[in-house]
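Hi,

Here is the structure I promised to pass on. Have a look at it first, and then read on for what I found.

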Protein chains: 2
Amino acid sequence: MNDTIVALATPPGVGAIGVIRVSGNNTFPILNKVFRGKDITKAKSHSVHLGTIRDDEEIIDEVLLTLFKGPNSYTKEDVIEISCHGSPFIIQQLIKLLLNQGARLARPGEFTQRAFVNGRFDLAQAEAVADLIASENESMHSAAMKQMRGGFSDEIKKLREELIHFASMIELELDFAEEDVEFASREDLRKLINNLKHLIRRLTESFTLGNAIKNGIPTVIAGKPNAGKSTLLNALLNEEKAIVSDIPGTTRDVIEDVINVDGISFRFTDTAGIRTTKDTVEAIGVERTMAKMKEASVILYLVDMQAETRKDVDKEINFIRELNVPYLLIGNKLDEAKPEIKLQLEEHDALFISAKQKDNLENLKSALKELVSLDSFKTGNTIVTNLRHYEGLMATDQALNQVIEGIDSGISNDFVAMDIRNALHHLGTLTGEITTEDLLENIFSKFCIGK
Amino acid sequence: MNDTIVALATPPGVGAIGVIRVSGNNTFPILNKVFRGKDITKAKSHSVHLGTIRDDEEIIDEVLLTLFKGPNSYTKEDVIEISCHGSPFIIQQLIKLLLNQGARLARPGEFTQRAFVNGRFDLAQAEAVADLIASENESMHSAAMKQMRGGFSDEIKKLREELIHFASMIELELDFAEEDVEFASREDLRKLINNLKHLIRRLTESFTLGNAIKNGIPTVIAGKPNAGKSTLLNALLNEEKAIVSDIPGTTRDVIEDVINVDGISFRFTDTAGIRTTKDTVEAIGVERTMAKMKEASVILYLVDMQAETRKDVDKEINFIRELNVPYLLIGNKLDEAKPEIKLQLEEHDALFISAKQKDNLENLKSALKELVSLDSFKTGNTIVTNLRHYEGLMATDQALNQVIEGIDSGISNDFVAMDIRNALHHLGTLTGEITTEDLLENIFSKFCIGK
């Protein structure tokens with residue numbers, strides 16, 4: 001596992017500089033063969049050296065080498081970072097040279113995988129590195145940073161320690177089985193497990209929020225054909241992502257895009273208008289719209305105040321209420337509104353906009369933000385953003401239920417102990433105390449090359 | 001000029017790491033305010049420090065700072081490079097924070113401009129940095145590296161020193177004008193100037209080559225409609241850049257692309273087929289083709305061995321010969337060739353390929369490379385690749401001609417001295433001994449941000 005790996009660590013493309021990362025047992029000998037400058041084998045860790053990298057006598061580039069001697073490096077191995085001119089050609093030549101000298105190309109995430117294997121951080125923290133790099137807004141960034149710095153791991157560790165104590169007590173009883181002693185008060189155990197389950201519930205409940213933070217809060221824009229849905233999405237996006245036309249029924253595909261409102265991402269879905277139709281293509285679109293609306297966290301329901309009737313609007317408000325999804329009722333085409341429709345909508349606390357004129361969109365954004373107010377996010381609590389973690393917590397909860405059932409039904413301590421070990425196993429996979437080849441490969445293959 | 005500038009130095013986008021560069025008088029105070037870790041104001045130059053960058057108490061990222069204390073840095077000012085997680089969001093937040101602390105965004109090339117102003121290298125070397133980053137193949141890379149390491153500057157310096165000596169002798173004579181002495185033998189001067197002109201000629205002649213290295217050797221693929229020109233270009237590019245169809249006359253625009261053959265770039269131009277036509281759009285295409293062929297350094301002329309007649313082929317060979325441009329005669333559609341046409345082409349040393357089957361393309365590439373064999377490149381001579389340098393050398397040559405004319409016609413030494421000073425001025429702009437604001441801005445604005 002200590003062979004020497006190399007990869008470009010900065011994004012591909014032309015830039016002022018590029019950084020090539022080398023890690024492993026032979027990092028220093030390999031660089032020493034091709035670098036002309038100070039003798040790096042005698043230099044201190046965390047020092048920087050100017051020189052040239054040469055293939056025989058031909059200079060490939062003037063570079064800065066930054067030396068990290070293991071274990072004081074990202075991977076805890078010997079690491080050298082080569083800062084070179086940001087030319088794809090030069091980077092290619094440098095990597096080729098290092099491969100010729102005995103390094104091999106790193107797999108995606110292999111540097112971070114080595115950091116994990118060498119104990120620099122646990123698995124949940126390693127996973128947070130990828131999330132941190134992918135973070136696109138303040139809330140994603142904050143959740144990933146908290147996780148990378150051990151927030152999630154600390155909570156899991158607490159759970160695990162209590163369970164381990166619990167398990168060892170039960171197992172101690174097994175050793176003294178003939179004497180019928182009870183080292184662990186069943187009442188205390190029940191209380192402890194309930195506390196654990198409570199903590200797990202808090203974490204798993206945060207996943208809905210965590211998922212929304214990571215992928216954007218699913219928000220559907222709905223309404224009758226030609227109510228101005230695509231125009232609103234475009235106005236919000238400030239660009240022409242959707243095809244806008246005056247012909248009702250233009251939008252048939254479900255179009256998605258993410259908008260950042262004060263650090264919270266909303267994943268907007270523009271939809272086909274809702275009406276009965278004979279056009280099969282459009283009918284499929286309407287069906288999709290209904291499905292999307294039921295899945296949504298928030299619906300923006302648009303009413304065309306210029307064209308619709310009071311009867312229509314009554315029907316629509318009833319329809320949207322019955323979906324039981326948080327919604328904003330929005331009267332569109334404010335500049336051309338029929339007064340009686342505006343009055344009717346006012347009674348239902350509607351918001352009035354003109355998507356075309358981009359009027360009142362800031363109010364709409366504020367209302368949207370208030371509707372989903374992410375209270376738990378603001379409290380600084382740990383948030384689960386990773387599906388793998390969510391599933392691990394759910395499996396732990398399941399196992400704890402079996403422990404409780406076991407105690408209740410008075411089954412043999414052997415089985416109770418086994419169920420506890422099972423819960424411990426699931427918790428262990430979260431932070432990486434328990435891993436398999438497949439699990440690690442699955443996690444790290446999602447990283448970018450060079451990390 | 002010593003205010004503190006900041007810019008992302010690595011290419012934009014997602015990567016394992018990003019590097020932000022800060023340079024100027026306040027580099028250390030600014031970073032000291034936001035960095036938590038070792039006290040960087042007390043740390044040594046060329047050392048690396050792990051810590052966090054915070055906006056108030058909120059952690060933006062865990063980073064590595066590399067410290068360079070002026071004048072031991074790229075710009076010769078205090079420089080800090082921040083190596084952070086390669087997330088565009090994080091990079092944006094970090095740069096925003098540094099701007100709030102009093103840094104300003106660097107203009108393109110501003111770091112290198114400061115390096116030049118502070119005497120790290122001369123102007124020709126600074127320009128080579130941009131060429132080095134843009135280098136896409138071995139010959140561009142080698143020419144830029146030679147120039148950055150002072151090859152071109154050394155030649156210019158030699159010229160300049162000899163001329164300065166010359167000028168001071170003439171000016172000395174001016175001081176003793178009444179005594180009619182001659183410190184500088186006019187015969188020696190003439191010889192010296194001829195030597196200088198010879199050196200300048202060698203440099204300016206290398207520009208054709210230098211330009212070809214930098215932009216690719218202009219290579220035109222020509223032939224009758226449907227001879228397989230687009231198919232050949234595609235086969236060479238290994239991708240579908242041109243629209244290929246069986247309908248003669250499909251290609252109307254001039255399509256260009258660069259192909260790397262063993263470290264030499266060829267800028268291929270696919271063209272509309274040559275024939276008389278009534279279609280005005282196509283007629284314009286044919287006209288452009290003729291113009292392109294005359295400008296080309298190399299022509300690949302394709303003959304359709306399946307469809308053409310002996311009479312046609314005779315005409316074509318005569319036509320291509322008369323252009324007086326190096327060419328390769330190529331018989332295409334080898335698998336369906338008429339034997340008599342193949343025989344006819346063999347008499348003219350044609351190369352046979354099947355563009356569609358990708359047969360014999362390696363031979364074609366070898367022949368192409370041989371045809372343009374860049375002998376002067378291989379000799380390790382200095383090559384002029386920069387249009388500005390070429391023009392400066394031409395202007396110097398012009399001024400030297402006037403010196404010679406002045407001596408020949410026996411005009412006053414005042415004028416001879418002025419012409420020499422004029423030549424010195426042009427040489428000085430090349431390496432930057434003589435600069436103007438406009439010149440500098442023009443040069444450095446072509447750099448990428450962060451360099």
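The buried residues of helix α15 of chain B are B:Val416, B:Ala417, B:Asp419, B:Ile420, B:Ala423, B:Leu424, B:Leu427, B:Gly428, B:Thr429, B:Leu430 and B:Thr431. Please keep in mind that this is a predicted model. Among the elements that cover those buried residues are α3 (110–117), α4 (123–134), α6 (151–175), α14 (387–409) and α16 (437–444), which belong to chain B as well.

The length of α15(B) also checks out: it runs over residues 413–431, and at 1.5 Å a residue its 19 residues should span 27 Å, which agrees with the 28 Å between its end C-alpha atoms. After the helix comes B:Gly432, with a positive phi near 95°.

Now to the two chains.

A word on confidence: ipTM and pTM are both 0.73. Chain A has a mean pLDDT of 84, with 89% of its residues at 70 or more. In residues 249–253 of chain A, however, pLDDT is below 50, and the model gives this stretch 18 contacts beyond near neighbours in sequence. Residues 375–379 of chain A also stay under 50, with 8 contacts beyond four places in sequence.

Happy to hear what you think.

Best wishes

Conventions:
Residues numbered from 1 in each chain as written. Chains lettered and ligands numbered in written order. Predicted model: local features only at pLDDT ≥ 70, side-chain atom pairs only at ≥ 80, totals over all residues. Heavy atoms only, no water. pLDDT = per-residue confidence, 0-100. Contact = heavy atoms within 4.5 Å. Helix = DSSP H or I, 4+ residues; strand = E, 2+ residues; numbered from the N terminus. Expected span 1.5 Å × (residues − 1). Buried < 20%, exposed > 50% of the residue type's maximum accessible area, 1.4 Å probe, protein only.
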